[in-house]
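I opened my notebook to work through one protein model. I wanted to know how its parts are put together.

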Amino acid sequence: MPNPLALHLLHEKQKMSDTKICCNPKGPIIVEGDVSITDKYGRPLDAGKKKNMHVMCGCGQSMKKPFCDGSHNQGDDDDDDI
Ligand code: FES
């Protein structure tokens with residue numbers, strides 16, 4: 001009979017491998033996968049409409065931290081990010 005702990009750990013490892021984090025040098029950090037975003041007390045933060053994709057602020061300018069609000073684009077004509 002399979003060890004329940006080993007099965008649990010295997011399942012957790014498989015879930016983690018489904019998570020993708022893409023860092024944009026101009027700001028946003030895109031987190032895709034089954035993750036929960038919480039504050040420092042563990043309370044869930046409302047990440048918006050898409051549950052499996054989160055756009056996090058990496059530039060420090062967002063007024064909706066930890067989420068990106070597009071402020072990183074101010075004064076930048078380059079539209080290659082979100
Ligand atoms: S990355 Fe900071 S506002 Fe978008």
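Two strands pair if DSSP finds at least two bridges between them. I kept that rule beside me, and I noted that this is a predicted model.

**Entry 1: the parts.** I started with the elements. The protein has 1 helix and 3 strands. I read them from the N terminus on, and they run α-β-β-β. Next I looked up burial. Of the 82 residues, 9% count as buried. Then I turned to contacts between residues at least 6 apart in sequence. Of these, 36% join residues at least 24 apart.

**Entry 2: the sheet.** Which order do the strands take in the sheet? I found β1-β2-β3, in an open sheet with antiparallel pairing. I then checked the edges. β1 (20–23) and β3 (53–56) stand there, and each has a single partner strand, so one side of each is left without a neighbour in the sheet. I also noted the angle between neighbouring strands. They are turned by 15° against each other on average, with direction ignored.

**Entry 3: the pairings.** How many bridges join β2 to β3? I noted 4 bridges, and the two strands run antiparallel. I followed Ile29 from strand to strand. Its bridge partner in β3 is Met56. Ile29 is itself the partner in β2 of Cys23.

**Entry 4: the hairpin.** I went to the link between β1 and β2. This hairpin has 5 residues between the strands. Gly27 takes a positive phi near 155° there. For background, I wrote down that most residues other than glycine have a negative phi.

**Entry 5: Cys23.** I placed Cys23 in strand β1. Is Cys23 buried or exposed? I found 11 other C-beta atoms within 10 Å of Cys23. A residue is exposed if the count is 12 or fewer, so Cys23 is exposed. I listed what Cys23 touches, leaving out residues up to four places away in sequence. The list is Ile29 and Gly58. I also looked up the distance from Cys23 to Met56. They are 33 residues apart along the chain, and their C-alpha atoms are separated by 9.4 Å.

Entry 6: I moved on to the segment after β3, where I found Pro66. A cis peptide bond joins Lys65 and Pro66, with omega about 15°. My background note says that most peptide bonds are trans. Cys68 is also in the segment after β3. I checked its burial. There are 24 other C-beta atoms within 10 Å of Cys68. The cut-off for buried is 20 or more, so Cys68 is buried. Last, I looked up Cys68 and Ile30. They are 38 residues apart along the chain, and 9.5 Å separates their C-alpha atoms.

Note on methods:
Residues are numbered from 1 along each chain as its sequence is written. This is a predicted model: local features need pLDDT of at least 70, side-chain atom pairs count only at pLDDT 80 or more; totals for chains, interfaces and linings use all residues. Two residues are in contact if their C-beta atoms, placed from the backbone, lie within 7 Å. Axes are lines fitted to C-alpha atoms, for helices over the stretch in contact, and angles run from 0 to 180 degrees between N-to-C directions.
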